[in-house]
Amino acid sequence: MTDSVYTQLLDLACGAFLLAAVVVLWLRQLTSIVRVFAFQGVALAAVAALLGLHEDRPGLLAVAAGVGLLRAGVLPRLLLRALTAGTPRRPYPHYQEDVSETRETRPLVNVAASLLSAALLTLLAYAVSRPLVALHPAPATRALPVGLAVVLIGFFTLVTRRRAPVQVVGFLLLDNGITATAFLAASGVPLIVELGVSFDLLLAVLVLQILTTRMRVAFGGTGIDDLRELHD
């Protein structure tokens, strides 16, 4: 693979990675949000694979395969199951859902403002990372702001969405951004480290799946506003 082709493919994978995070802010349908997250997992695996091919590191290729399997396959499947698990029984009549459980209809920040915020956060990421890029302006280092931007967008999603499944996606976007930053800044991480982080992430998603299922059974939905009504 020539340096020119490598640079173009890396820029394409990083562009798709960042675009997926922005599209999550634009979408309202929860199943579509999970599918976009799966697409981002493919883009993240592609970034790791390109680095491994360019630097001739089989270990990084193994990490890329694991990232793709977990973040584009296992985690999205668990999230989709969490969206459908649990039949609403509404044992507490005063908890009433006024929106469909399949959509995020009342975010704290509307779509237009969310997209504008994503643009500002991306500019902030590029501004903050300029000194790091200047230290070693390689193709991977020049793409470093993309990872930082996804970290910021993931955190923004986490704090501005009302549905628990979308907040889980925001948490996973944040983790994807951290992983991409590690790949681009240090040309990947050791396989054992990535395995440890992946298992911790899988455990967290399993716990959150149980939590969202219990919320749906108890309250008829996964809106976090219901939790504010709980008192001793």
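Okay, let's start with the overall layout: the protein chain has eight helices and zero strands. What we're looking at is a predicted model, so keep that in mind throughout. If you walk along from the N terminus, the elements go α-α-α-α-α-α-α-α.

A couple of numbers for the whole chain. The protein chain has 232 residues, and buried ones make up 48% of them. Now take the contacts with a separation of 6 or more: 78% of those involve residues 24 or more positions apart.

Let's go to the pair I'd like you to find on the screen, H2 and H3. Helix H2 covers residues 30-55 and helix H3 covers residues 58-84. How do their axes cross? They come within 7 Å of each other, at roughly 175 degrees. Anything over 145 degrees counts as roughly antiparallel, so H2 is roughly antiparallel to H3. And what sort of residues make that contact? By class, the contact of H2 with H3 has 21 nonpolar residues, four polar ones and one charged one.

What about H2 on its own? H2 has 26 residues, and from its first C-alpha to its last it reaches 38 Å, close to the 38 Å you'd expect at 1.5 Å a residue.

In general, most residues other than glycine have a negative phi. Asp-56 has a positive one, near 55 degrees, and this is a residue other than glycine. Is Asp-56 buried or exposed? Asp-56 is exposed, because its relative accessible area is 65%, and the cut-off for exposed is over 50%.

Gly-73 lies in helix H3, and Gly-73 is partly exposed, with a relative accessible area of 29%. From Gly-73 to Phe-39 is 34 residues along the chain, and their C-alpha atoms are separated by 9.6 Å. Then there's Thr-84, also placed in helix H3. Thr-84 is exposed, at 66% relative accessible area. Thr-84 and Thr-31 are 53 residues apart in sequence, but C-alpha to C-alpha the gap in space is 9.9 Å.

H3 has another partner, H7. Those two pack at an angle of about 175 degrees, with axes 11 Å apart, so H3 is roughly antiparallel to H7 as well. Which residues meet there? From H3 you have Leu-60, Val-63, Val-67, Arg-71, Leu-75, Leu-79 and Leu-83, and on the H7 side Pro-165, Val-168, Val-169, Leu-172, Asp-175, Asn-176, Thr-179 and Phe-183. Sorted by class, the contact of H3 with H7 comes out as eleven nonpolar, two polar and two charged. If you're wondering about the spacing in that list, an α-helix has 3.6 residues a turn, so residues three or four places apart point the same way.

Next, please find H6, residues 144-160. H6 has 17 residues, which should span 24 Å at 1.5 Å a residue, and the end C-alpha atoms are 25 Å apart, which agrees. Which residues of H6 are buried? They are Leu-144, Pro-145, Val-146, Gly-147, Ala-149, Val-150, Ile-153, Gly-154, Phe-156, Thr-157 and Thr-160. And where do those buried residues go? They pack against helix H1 (3-26), H2, helix H4 (111-135), helix H5 (139-142) and helix H7 (164-186).

One last stop, Val-111, which is found in helix H4. Val-111 is buried, because its relative accessible area is 17% and buried means under 20%. What does Val-111 touch? Leaving out residues up to four places away in sequence, Val-111 touches Leu-25, Trp-26 and Arg-28. Val-111 and Arg-28 are 83 residues apart in sequence, yet their C-alpha atoms are 8.9 Å apart in space.

How values were computed. Residues numbered from 1 in each chain as written. Predicted model: local features only at pLDDT ≥ 70, side-chain atom pairs only at ≥ 80, totals over all residues. Heavy atoms only, no water. Axes fitted to C-alpha atoms, helices over the stretch in contact; angles between N-to-C directions. Helix = DSSP H or I, 4+ residues; strand = E, 2+ residues; numbered from the N terminus. Parallel < 35°, antiparallel > 145°, perpendicular 65-115°, else oblique. Nonpolar A, V, L, I, M, F, W, Y, C, P; charged D, E, K, R; others polar. Buried < 20%, exposed > 50% of the residue type's maximum accessible area, 1.4 Å probe, protein only. Contact = heavy atoms within 4.5 Å. Expected span 1.5 Å × (residues − 1).
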